[in-house]
Amino acid sequence: MNQVKASGGSGRATPVEDPALIRQAMQDLRAQEVEFPIKVEGTHTLPYTARVLRVDETKGLIHLKLIRPLPHELPAGAAFEMLFSLMEQRFEAPTVFQGREDYLLYRFSIPVRLQPSDRRVAKRYPFRPREKAYVIAQDGGVPGHGLSGPLVNLSVGGLSFRVDRVMRLDDHMRITPGLGFFERGKALPMLKIRDLPNLPLFEARGTLANACERDGEFIIGVQFGELRESELKEILDVLTIRENMQRAASVSTGEARRDASPRSARENKGPAARVSPAGTQTPDALHRLGRRCTRIILAMEPGQAREQVQQAFHSAGFLRLEAVDTLERALAEVRAERSAACPLLVLESGPAEARAITAIQSLQKDLGETRELTVALLMREEHLPPSEDPLIRPVPWPEAVSTSWQPILDELAGLEHEH
C-alpha cells in the first residue's frame, strides 16, 4: 500500500482512482485483517464494524464480515461509505451494497475512488510520556464512558492520545473496548488536558475524529469543538512554547552534529555512522546515535536471561547499558547521581512487581519534575496489560530477532520514531 500517496497542497487531497492501486488496497485490508467502520452514505446512523474477508477482482466485489447484521429490508444498490487506515493514511471510499452472502457476510462493490481524509492543516506537536500531559474525556453523562491516557500530539485543531483506560461512569468498572467502540463522530462533551506547559488544565469539547490500533493499544484523534477566544489563546500559547522548544533543539542538535561528526566518522565504521553525500547524517543514523547515547540501567539477577536481554539491547544499538543485580542498587545509583537527566531503568516483571513499582514511584516523587525517571517493565506475556503510568510502561521481552519491544523503549528514552 506504500504506492498509494495523497498529493500535497492545500485543501482536500487528490483522490486515488487507479483501479490497480485500489484493488491492492482492498487486498491489504484483507491480509492485515483491518477492522474499519462502514455506514450508509449521507446518514448519521451508527456505523457497522467490518473487515474484508475476500476480494473477488474478476467480479469487482469485496466480501465484508460485519459484527452485526444489516437490515433485512436493505435493498441492493444502497450506497455506503468505508473509512479505513493503511500505511499511516486514512481514506474514505464509496462502495455499493450488492447483497447478502451468508450470516454477517455481505457483498459490496470494490470502490472506484479512495479519498484521503486526513486533512492535517494545522501543525501537530508531539508529546512524550515523560512530560506527563494527560487527557481525560467523557462521551456523555451517566450512563456513559470515561476515557483517559497520555497525550500523543496537539494542534490548534485537536489532539490525539493513547487510551490507557475506559471506564463506565455509572459503576466505575473498567471495560476493554474493541476498535468499533471508537466510532468516528462520537461527541465528547467533556475533554480535559492536564499538565500542559504553563497550563495546568485545559477544558474544551471535542469530537472523535479517528482511531487506530497499534500493538494492542488504541490511539484516538479528537477534533476540538468551537473554541472561545480565551481557550484558543491558551492553546496558541502552549503551541508557541512547543515551537520555540523545537527550534532550540534543532539548533542545538545541528551544532552538536557539526562538532561530533568528524570524530564519530573516524571512530565508527558501522551503519549508524554513515553520512549522506550532502554531509548530514541519515534519519536512521541519527536514530541509532540517539540509542547509543541513551544510558540504561538494567536491574536483573545475573544469569542467562540477563545476558540475553543485554545481547538484544546491544543488537538494537543501546550501547550505554549498565547491569546491576538488584532494583535497590539501581534506585540508589539514580538517587545519588547529580545529573539532570535520569537513566532509563529496565527491570523484569515478577512476583515482587507491586513492591518494586511502589519503590520506583516513591523515588519519582522525591526526584520531582526536574529529574523524571522512566521505567521499562519487561514482560514475557504475549498481550501486554494497559499502562497505568505513562512513565512506567510494560515492554515485550527483548529478543535480538524481534523488534516489537524497540518502539516502546525508544519512546521511554525520548527518541523520535520515523513513520
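## Strands S19 and S20

Two strands count as paired if DSSP finds at least two bridges between them. Strand S19 (residues 375-379) and S20 run parallel, with five bridges joining them; helices (H or I, at least four residues) and strands (E, at least two) are DSSP runs, numbered from the N terminus. Leu378 has Val395 as its bridge partner in S20.

This is a predicted model, where local features need pLDDT of at least 70 and side-chain atom pairs count only at pLDDT 80 or more, while totals for chains, interfaces and linings use all residues. Residues are numbered from 1 along each chain as its sequence is written, and side-chain values use heavy atoms, leaving out hydrogens and water.

Strand S20 (residues 392-396) has five of its five residues buried, so the rest of the structure largely encloses it. Buried here means under 20% relative accessible area, with exposed over 50% and partly exposed in between (1.4 Å probe, protein chains only). Ile392, Pro394 and Pro396 point one way from S20, Arg393 and Val395 the other. In a regular strand, side chains alternate between the two faces of the sheet.

## Glu333

Glu333 sits in helix H5 (residues 327-336) and counts as buried because its relative accessibility is 19%. Setting aside residues up to four places away in sequence, Glu333 touches Arg295, Ile297, Glu322 and Val324, contact being heavy atoms within 4.5 Å.
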